[in-house]
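Please work through the exercises below with the sequence and the model open side by side. Each task is followed by a solution that goes step by step.

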Amino acid sequence: MQSETQTSSEYIQHHITNLTYGKFPDGSWGIAHSIEEAKAMGFNAIHVDTMFWSISLGVVFCALFYWATRNLKAGVPGTLQNVCEMAVEFVEDNIRQVFGTRPNVIIGPLSLTILVWVFLMNLMDLIPVDFIPALAAMAGIHFMKVVPSTDPNATLAMALGVFFLVMYYNIKMKGPVNFTLGLFTHPIDHWAAAPFNFLLEMVDLIAKPLSHGLRLFGNMYAGEMIFILIALLPFYAQWALSLPWAIFHILIISLQAFVFMILTIVYLTQAHETGDH
Amino acid sequence: MTINLTMVGQLISFVLFVLFCMKFVWPPLTQVMRERQKALADGLEKASAAEKQLEAANDAAANELEEAKKQSAELLAQARTRANQIVEEAKTQAGEEAERIKLGAQSEIDQEVNRAREELRSRVSELAIEGAEKILETSVDKSVHQDMLNKIAAQL
């Protein structure tokens, strides 16, 4: 939905700009009205659209599953209970295969939350790119990005949350001394290689959350970008490209949600492994 | 791609959602799944036990039937033997009876013969004397010839 006064590049820029509330350079707080204003805010800003959509979807997830737990039946389950149980069973199967049967209270709910929440956030990508932004524009909101997983803040925040847990379990399972020692003695077990080992282990440690978060962001951002590019075509030709891409995207959004979850499980499994490797 | 306070906000909401899921969603769902698994396993176990029971009952019934058949055959055989026995006994008894009757008749006949003979014997002297009187045309003193008459009677 490109208006006459916009160039293609302006249209794209507009679509990849978040609704930003933050601190103006002059010290006052407010909503940015242009791309330049948003950029000038720096770190002291918050993407209202990302927050709104991700929290809404998180609430949808919690409400749906909580509602399903209200009248659980051990006999024949209803539709909602069946859907929720399928999700839980899928998550449990993957945990059993990768993580094993070690007792851990957090990995199950964590993986389920990630799977469903990321899936719901990715699902927003299938809503036509201009639908919600146009409605928002009518309401006087100039920027509106509806897919939270195309915002690196959202994906990196989750990756960071997982990273904290990984560090916690690394220290808990291996002990603070062994964990620190491991940073210096792997992969080459020789005192002279200690600085080199430390460098390597640090890169490894930091690359994990970074790649974890950026993988999801990159995939969703690229997919969103292609939808935006398709939306630049004349309206009668858009379906020829947007329909196949949307169908293909059904696979991408589920796959990315699954990948994010499985990587979480893998990282937590590595943190639990105390043997030499 | 700008990193700002959104990340902090997202991290907080992520933690809250995970905590909610941990407290209110995961435990009841997994528990009900465990329960169903257990119920299913129990049901299957019960079904196989019932099947075994049915098999045992069928076996018992077949055994019972076999036993009954055997018993009835035995009874039948016994009855047949008994009947044969009775017939045999009857035959023997009848034979014996016939023999006895025959013997009785024989002894009666013998008695009759003896009686006739005795009678004859008792009357022989009379007859002899009568004959002799006719021959001699005199009376014969019975007592004189008693010895001779007795001898004749004894010879009979």
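**Exercise 1.** In what order do the three strands of the open sheet in chain A lie, and is the pairing parallel or antiparallel?

*Solution.* Before starting, note that this is a predicted model, in which local features need pLDDT of at least 70 and side-chain atom pairs count only at pLDDT 80 or more, while totals for chains, interfaces and linings use all residues. Residues are numbered from 1 along each chain as its sequence is written, chains are lettered from A and ligands numbered from 1 in the order in which they are written, and side-chain values use heavy atoms, with hydrogens and water left out.

Step one is the order: the strands of chain A form an open sheet arranged β2-β1-β3, with antiparallel pairing. Helices (H or I, at least four residues) and strands (E, at least two) are DSSP runs numbered from the N terminus, and two strands pair if DSSP finds at least two bridges between them. The edge strands of chain A are β2 (29-31) and β3 (45-47), each of which pairs on one side only. Neighbouring strands of this sheet are turned by 15 degrees against each other on average, direction ignored; axes here are lines fitted to C-alpha atoms, for helices over the stretch in contact, and angles run from 0 to 180 degrees between N-to-C directions.

Step two is the bridges. Strand β1 (residues 20-23) of chain A is joined to β2(A) by three bridges, and A:K23 has A:W29 as its bridge partner in β2(A). Likewise, three bridges link β1(A) and β3(A) in the antiparallel sense, with A:H47 of β3(A) as the partner of A:T20.

Step three is the hairpin of β1(A) and β2(A), where five residues lie between the strands and A:G27 takes a positive phi near 100 degrees.

**Exercise 2.** Locate A:A38 and decide whether this residue is buried or exposed.

*Solution.* A:A38 belongs to helix α2 (residues 35-40) of chain A. Its relative accessible area is 16%, so A:A38 is buried; the cut-offs are under 20% for buried, over 50% for exposed and partly exposed in between, with a 1.4 Å probe and protein chains only.

Leaving out residues up to four places away in sequence, A:A38 touches A:T20 and A:A32, where contact means heavy atoms within 4.5 Å. A:G22 is 16 residues from A:A38 in sequence, and their C-alpha atoms are 7.9 Å apart.

**Exercise 3.** Check the length of α4 in chain A, and find what its buried residues pack against.

Among the buried residues of α4(A) are A:C84, A:A87, A:V88, A:V91 and A:I95. The buried residues of this helix pack against α3, α5 and α10 of chain A together with α1 of chain B. Just after α4(A), A:G100 takes a positive phi of about 85 degrees.

**Exercise 4.** Which residues touch the most other members of the largest nonpolar core?

*Solution.* A nonpolar core is a set of buried Ala, Val, Leu, Ile, Met, Phe, Trp, Tyr and Cys residues joined through side-chain atoms within 4.5 Å. The largest one has 55 residues, and those touching the most other members are A:F61, A:F65, A:L112, A:I114, A:V118 and A:M158. Elements giving two or more residues to this core include α3, α4 (79-98) and α5 (107-123) of chain A, and also α1 (6-136) of chain B.

Not counting residues up to four places away in sequence, A:V118 touches A:T113, A:M158, A:L216, A:A257 and A:F260. A second, separate core of eight residues includes A:F227, A:I230, A:A231 and A:W245.

**Exercise 5.** How many residues of chain A are in contact with chain B?

*Solution.* The contact involves 52 residues of chain A and 28 residues of chain B. The two chains bury about 3,600 Å² between them, 78% of it on carbon and sulfur atoms; buried area is the accessible area (1.4 Å probe) that two parts lose on being put together, summed over both. B:F14, B:F17 and B:W26 supply 20% of the area that chain B buries against chain A, more than any other three residues.
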